[in-house]
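Visitor: I would like to learn how to read a structure like this one. Could you take me through it feature by feature?

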Amino acid sequence: MVSGALKPSGETAGASLVPANPTLDNLVTVFTRIPFARYLLNSFLTSVAVTVLLVGLGALAGYALARLRFPGRGVVFGMFFATLLVALPVILVPLFYVVSRMGLTNSYAGLILPVAFTAFPVFLMRQFYLSFPTELEEAADLDGAGYLRRFAQVVLPLSAPMLASLSVITFLATWNSFLWPLTVARDSDLWVVQVGIASFQSQYGGEWNLVMAASLLAAVPTLLVFLVLQRQIIESIKASGLKG
């Protein structure tokens with residue numbers, strides 16, 4: 001991909017992996033032919049919003065299902081878990097119908113809210129909190145801390161490695177999503193980067209150097225997020241004294 005993005009149009013069909021005359025003109029052309037910066041911004045805003053909602057609500061719900069004792073807790077968790085067995089294409093039509101009736105099509109809310117409440121973060125965080133040492137919470141309980149204070153001041157800081165890992169997974173999945181953004185956003189000003197690349201490829205499919213340049217630009221933010229959060233995960237593990 002990097003090699004193809006740096007090749008001029010005359011070298012695209014060549015078999016050489018290293019471009020003979022590398023150029024950055026392809027990257028510039030992508031931004032001039034289509035509003036690629038807008039697509040990147042839409043993907044960034046959508047991915048950040050979905051990540052914050054999914055990680056935050058998943059941590060809260062997972063802790064509640066792991067620690068709180070209330071009637072029907074197992075049934076609630078079973079219902080959450082059952083939704084993991086249903087793929088997005090199965091519910092695409094009814095989900096679009098609901099979003100359309102709510103007037104959320106062609107809006108950031110339509111891109112974010114329907115995919116910001118899924119069961120995977122709840123399941124992952126519940127399993128993590130089931131193995132979380134209760135002694136730390138009992139010490140906070142002796143100081144008069146309630147569930148929310150205990151969660152915010154004791155549990156959440158020690159959950160940083162898992163939260164960082166979940167953030168990476170969620171951000172990458174949202175950034176690479178294609179089907180739902182294509183369905184709910186017909187306005188090109190709301191297209192995310194994956195939809196933009198698909199449209200770009202349909203227009204300039206013969207110019208593979210430009211297609212590779214667009215794909216490279218779309219991959220750079222995900223690599224940066226992964227590297228930044230990977231460093232945070234390592235630092236969090238060292239700070240908490242966990243061994244692995």
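Visitor: Which residues form a nonpolar patch on the surface?

Guide: Patches are made of residues with over 30% relative accessible area and no salt bridge, where like charges are joined within 9 Å and nonpolar side chains (Val, Leu, Ile, Met, Phe, Trp, Tyr) within 5 Å. Here Leu41, Phe44, Leu45, Val48 and Val52 form the patch, with about 420 Å² of accessible area together. Such areas come from the Shrake-Rupley method with a 1.4 Å probe, and for residues only the protein chains shown count as cover. Val48 sits in helix H3 (residues 36–67).

Visitor: What kind of model is this, and how are residues numbered?

Guide: It is a predicted model, in which local features need pLDDT of at least 70 and side-chain atom pairs count only at pLDDT 80 or more, while totals for chains, interfaces and linings use all residues. Residues are numbered from 1 along each chain as its sequence is written, and side-chain values use heavy atoms, with hydrogens and water left out.

Visitor: How many helices and strands does the chain have?

Guide: Helices (H or I, at least four residues) and strands (E, at least two) are DSSP runs, numbered from the N terminus. This chain has 13 helices and zero strands. Its C-alpha atoms fill a box of roughly 70 × 45 × 25 Å, taken along the principal axes.

Visitor: Is Tyr129 buried or exposed?

Guide: Buried means under 20% relative accessible area, exposed over 50%, and partly exposed in between (1.4 Å probe, protein chains only). Tyr129, in helix H7 (residues 119–130), is buried, with a relative accessible area of 1%. By contrast, Val48 counts as partly exposed at 32% relative accessibility. Across the 244 residues in the chain, 39% are buried.

Visitor: Which residues is Tyr129 in contact with, leaving aside its neighbours within four places in sequence?

Guide: Contact means heavy atoms within 4.5 Å. On that basis, the contacts of Tyr129 include Ala59, Tyr63, Phe151 and Val155. For the chain, among contacts between residues at least 6 apart in sequence, 72% join residues at least 24 apart.

Visitor: Which residues of H9 are buried?

Guide: They are Arg150, Phe151, Val154 and Val155. Seen down the axis of H9, these buried residues fall within an arc of 125°, so they line one face of the helix; the arc is that of the directions from the helix axis to the C-beta atoms. On the other side, Leu148 and Gln153 are exposed. The buried residues of H9 pack against H3, H7 and helix H8 (134–142).

Visitor: How many salt bridges does a search of the whole structure find?

Guide: Side chains of opposite charge can pair when their charged atoms come close. A salt bridge is a side-chain nitrogen of Lys or Arg within 4 Å of a carboxyl oxygen of Asp or Glu. The search finds one: Glu207 pairs with Arg33, the closest N and O atoms being 3.1 Å apart. Glu207 lies in the loop between helix H12 (193–203) and helix H13 (208–240) and Arg33 in helix H2 (residues 25–33), so the pair ties together parts that are 174 residues apart in sequence. Glu207 is partly exposed, with a relative accessible area of 31%, and Arg33 counts as partly exposed at 36%.
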